[in-house]
Amino acid sequence: MQKLSCDILILGAGSGGLSVAAGASQMGADVILLEGHKMGGDCLNYGCVPSKALIAAADRAHMMGRLSSYGIANVTPDTDYAAVQDHVAGVIEQIAPVDSQERFEGFGVRVIRAFGRFVAPTEVEAGDNRITARRIVIATGSTPLVPPIPGLDKVPYLTNETLWSLKTRPEHLLIIGGGPIGMEMAQAHRRLGSRVMVLEGAKALGREDPECAARVLEAMRAEGVEVIEEAKVTRVGGTEADGVSVVLEDGREIAGSHLLVAVGRRANTENLGLDAAGIETTGTGIKVDAALKTTNRKVYAIGDAAGGLMFTHVAGYHAGIVVRSAVLGLPAKAGTAHIPRATYTRPELAQVGLTEAEARAAHGDRLEVARFDFGHNDRLVAERSAQGFIKAMVVRGRPVGVSIVGPQAGELANFWSMVIANNLKMSAISAMVSPYPTVGEINKRVAGAYFSPRLFENQTVKTVVRLIQRWLP
């Protein structure tokens, strides 16, 4: 067995691990990166990238049947599902070089294509290598959570990892799980011509602001997606030839041609030999402190492996914290107040910071809620897509949360992450100037909605203005 040593050892070449590797190596650290599966991890190969490529194809198909409002004849799209999947694969292929082994070796990273396992607090075995490192970063990501539903292990089912190998469009797609993945794939497949039913054991998009979630559900149901809430699945049956059937707690049996399981994700912590390194886990992942250090102070855990917010951008954010701490030796702690999340349905749904309910519970009567309706944004009116709203939760002049539902909600959320991260006040937002007409004006307009009552419904202001007008020459 070959013995190696390095400054930084990284387990996993997903978005978090790659970001640490790129930053640390280019700053001069000696870095070894372990990956036993695909470079780029879940996001590139099974998650964010392919799902958004599929959504893009579905959007085009949907628009073709709704052109008459622009003075163009509607067209019924002829969807080739296999060709759509080829488009998805092509997008992955185009992005893959950015995450490739060759690119990172060009940075000076030693890439070993093997899974790693701890054999001591600062030693990991990977293939024929035993590696000793000054600091170790666990960035092993997550995999789809498969619930223990009776019969599920005996039927063909899809997850976000296997969906992309499907070449025949599902005639009737059943989806267990009404979270972001389930809802995005439901709408995309409906727009591509499948019948779709979502079965959610509680509330669909239940983590989101209820008012925003209701807008999304209304739009999806209007397109023909069936969403059944409080639908607990008790049993699954069927065969690849005959399709699948799902039995609900109330006795209803629902048949479909394909089944997609999208009930969440679980951190990849098995087979890492964590006990040998003195690393503790929680119910959701590896136990870390605010600096992302595990119970072994030489080892960090980031991204999905840390068991918190499971988003690609969070893994990238965590990577920056680790580079600051493990490479530069500077104090660094991860926060969550400014972390955005988005669901890429149509309309899109985005959240930064606290929802209205969370903000009200935390701040009580000090909370003010400012709203702006997308129907008053001229750019969206011109594009005939002015449906949605934004609401900002404000405490003592500073936003603590923003909920957005409507076109480009995810893009608008970028701005609010910056605002909350830098503790900016609504007055700073109202001072900005947006080019007209843009969707981005919405962010300024909600700040205007916050100040309008103070300026236009305030008797003291009116009195002062009258006095000024008498005094001015």
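Predicted model: local features only at pLDDT ≥ 70, side-chain atom pairs only at ≥ 80, totals over all residues.

User: Ser 51 first: buried or exposed?

Analyst: Ser 51 is buried, as its relative accessible area is 7%. Buried means under 20% relative accessible area, exposed means over 50%, and partly exposed is in between, using a 1.4 Å probe and protein chains only. Residues are numbered from 1 along each chain as its sequence is written, and side-chain values use heavy atoms, with hydrogens and water left out.

User: Where is Ser 51 found, and what does it touch?

Analyst: Ser 51 is part of helix 3, residues 48–64. Helices (H or I, at least four residues) and strands (E, at least two) are DSSP runs, numbered from the N terminus. Leaving out residues up to four places away in sequence, Ser 51 touches Trp 164, Glu 184 and Met 185. A contact here means heavy atoms within 4.5 Å.

User: OK, over to Gly 406. Which strand does it lie in?

Analyst: Gly 406 belongs to strand 21, which covers residues 398–406. Gly 406 is buried, with a relative accessible area of 0%.

User: What touches Gly 406?

Analyst: Not counting residues up to four places away in sequence, Gly 406 has contacts with Pro 347, Glu 348, Phe 374, Gln 387 and Gly 388. There's also Leu 349: it is 57 residues from Gly 406 along the chain, and their C-alpha atoms are separated by 6.6 Å.

User: Pro 347 came up there. What's the peptide bond from Arg 346 like, cis or trans?

Analyst: The bond from Arg 346 to Pro 347 is cis, with omega near 5°. Pro 347 sits in the loop between strand 17 (340–343) and strand 18 (348–353). Another cis peptide bond runs from Tyr 436 to Pro 437, with omega near -5°. Pro 437 is in the loop between helix 12 and helix 13.

User: What about Ser 434, where is that found?

Analyst: Ser 434 is in the loop between helix 12 (426–430) and helix 13 (441–456). Ser 434 counts as buried because its relative accessibility is 15%. Setting aside residues up to four places away in sequence, Ser 434 touches Gly 440 and Glu 441.

User: Which residues other than glycine have a positive phi?

Analyst: Gln 408 is one of them, with phi near 60°. Gln 408 is in the loop between strand 21 and helix 11 (409–421), and it is partly exposed at 35% relative accessible area. Asn 423 is another, with phi near 55°. Asn 423 lies in the loop between helix 11 and helix 12 and is partly exposed too, at 48%.

User: Now cysteines. How many disulfides are there?

Analyst: The count comes to 0, taking a disulfide as a pair of cysteine sulfur atoms within 2.5 Å. Among the cysteines, Cys 6 is buried at 5% relative accessible area, and Cys 43 is buried at 17%.

User: Zooming out, how many helices and strands are in the chain?

Analyst: The chain has 14 helices and 21 strands. Of its 473 residues, 48% count as buried. The C-alpha atoms fill a box of roughly 90 × 60 × 40 Å along the principal axes.
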